[in-house]
Amino acid sequence: MDLFDYVREKNMDKEAPLASRLRPTTLEEVVGQEHIIGKDKLLYRAIKADKLSSVIFYGPPGTGKTTLAKVIANTTSAEFTQINATVAGKKDMETVVQKAKELLGMYQKKTILFVDEIHRFNKGQQDYLLPFVEDGTIILVGATTENPYFEVNGALISRSSIFELKPLKKEDIKKLLQRAVYDVEKGMGSYRAEIDEDALDFLADIAGGDARSALNAIELGILTTERSEEDGKIHITLDVASECIQKRVVQYDKTGDNHYDTISAFIKSMRGSDPDAAVYYLAKMLYAGEDIKFIARRIMICASEDVGNADPMALTVAVSAAQAVERIGMPEAQIILSQAVLYVATAPKSNSACNAVFAAMDNVKQKKTTVPSYLQDAHYKGSVNLGHGVGYKYAHDYPKHYVKQQYLPDEIKDEKFYVPSDNGHEKDIQAWMKYIRE
């Protein structure tokens with residue numbers, strides 16, 4: 001590093017956003033996440049002993065994924081390199097790997113590679129890292145807001161320890177805000193600001209576990225609020241605090257209980273034919289940044305499981321919506337999803353298709369059966385000599401393209417798996433099946 005780089009780095013430290021300046025440099029300074037970095041926990045011991053193996057941190061924004069990576073950088077004796085998957089390419093990784101090989105070969109020094117937003121790497125990029133993680137050339141530290149079991153290469157997952165970061169508790173956010181307001185060295189203590197208790201509670205609550213959101217709000221408040229003429233201090237009141245966060249952060253953790261509660265309510269509202277509730281939960285998920293592909297998948301499942309043949313068009317609409325949102329993206333995708341949700345919610349309901357396959361699966365597990373000989377394949381040489389296909393009645397040769405014939409195995413010939421409901425199109429199916437059977 002030359003003199004100009006040194007000066008530039010020092011200036012960036014001073015001028016960086018508050019959330020960046022306030023990042024801890026040691027484990028003792030980290031607030032929250034005791035479930036993974038408590039003093040008796042594996043991750044804490046591994047970082048302290050400088051014996052870290054490849055890890056992936058995942059959780060909502062502002063929960064400390066990059067913070068933990070920075071703590072590792074300040075603690076380890078290994079070479080620490082950072083790249084961001086949103087802008088890094090294969091050439092960047094090749095450079096890192098080449099340097100890591102040299103350090104390991106010449107000085108027996110390990111290299112830790114921190115990949116922020118690792119889910120942004122495509123399969124090829126993730127595959128490139130695999131052999132070097134496997135042979136120990138690099139120790140991978142990945143950070144992602146997406147569930148790594150869905151978004152990260154399975155081979156990388158199997159070679160890494162996964163640590164889930166939870167949204168910070170309200171008390172944790174309050175500690176960080178107080179540090180931000182009164183810490184002279186890293187925070188904004190030199191501004192001589194004070195924050196009212198109700199403002200502190202409000203910001204800690206509305207941040208929804210996102211420390212960065214809360215710190216950005218307090219920084220904006222201190223920088224834009226005039227000093228009091230009475231005591232010369234900057235007072236962060238409830239009014240100031242509420243003005244600094246214009247958009248409420250929805251309490252919606254995409255990897256936690258609230259995520260599953262919301263999607264559960266969403267599906268049950270469509271199943272229960274309540275379009276207003278269904279579109280409300282859709283809006284809540286969209287507002288919180290839920291993956292539109294995930295939402296579309298749930299609509300398709302509901303269209304088949306809960307509507308089924310009562311309205312066969314429901315699945316068609318849902319599948320079309322899923323394809324459309326992938327091609328179009330947000331914000332227009334919300335309109336397409338809304339149309340599909342409202343169609344499924346207002347369609348007649350039947351779970352007969354769902355019940356049919358589950359009943360058939362149970363029967364398959366319990367009973368051993370044989371396909372009737374006349375239904376067996378008669379296309380290969382010698383099959384007719386074995387009686388395969390002999391006596392089969394070709395339905396299209398008969399009136400109404402139907403002929404009475406046993407299709408189920410003899411062992412379960414009287415079983416009934418599909419029982420159409422009286423709703424929607426299934427009422428017509430029911431009538432047709434009764435007609436041709438009688």
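Colleague: Where is Asp 50 found?

Modeller: Asp 50 sits in the loop between α4 (42-48) and β1. Keep in mind that we're looking at a predicted model.

Colleague: Why is Asp 50 called partly exposed?

Modeller: Buried means under 20% relative accessible area and exposed means over 50%. Asp 50 has 29% relative accessibility, so it counts as partly exposed. Its phi is near 55°, a positive value in a residue other than glycine.

Colleague: And what about Ser 273, why does that count as partly exposed?

Modeller: Ser 273 comes out at 38% relative accessibility, and therefore gets the label partly exposed. You'll find Ser 273 in the loop between α14 (257-271) and α15 (275-287). Ser 273 also has a positive phi, about 60°, although it is not a glycine.

Colleague: Let's go to α17. How do you know that the span of this helix agrees with its 16 residues?

Modeller: At 1.5 Å a residue, helix α17 (residues 313-328) should span 22 Å, and its end C-alpha atoms are 22 Å apart, so the two agree.

Colleague: Which residues of α17 are buried?

Modeller: They are Ala 314, Val 317, Ala 318, Ala 321, Ala 322 and Val 325.

Colleague: What makes you say these buried residues line one face of the helix?

Modeller: Look down the axis of α17: the buried residues fall within an arc of 140°, so they line one face. An α-helix has 3.6 residues a turn, so residues three or four places apart point the same way. The buried residues of α17 pack against α16 (292-307) and α18 (333-346), while Glu 326 and Arg 327, on the other side, are exposed.

Colleague: What follows α17?

Modeller: Gly 329 does, and its phi is positive, near 75°. In the loop between α17 and α18 there's also Pro 331. The peptide bond from Met 330 to Pro 331 is cis, with omega near 5°.

Colleague: How many bridges join β1 to β5?

Modeller: Four bridges join β1 (residues 55-58) to β5, and the two run parallel. One example is Val 55, whose bridge partner in β5 is Ser 161.

Definitions and conventions. Residues numbered from 1 in each chain as written. Predicted model: local features only at pLDDT ≥ 70, side-chain atom pairs only at ≥ 80, totals over all residues. Heavy atoms only, no water. Expected span 1.5 Å × (residues − 1). Buried < 20%, exposed > 50% of the residue type's maximum accessible area, 1.4 Å probe, protein only. Arc of directions from axis to C-beta. Contact = heavy atoms within 4.5 Å. Pairing = 2+ DSSP bridges.
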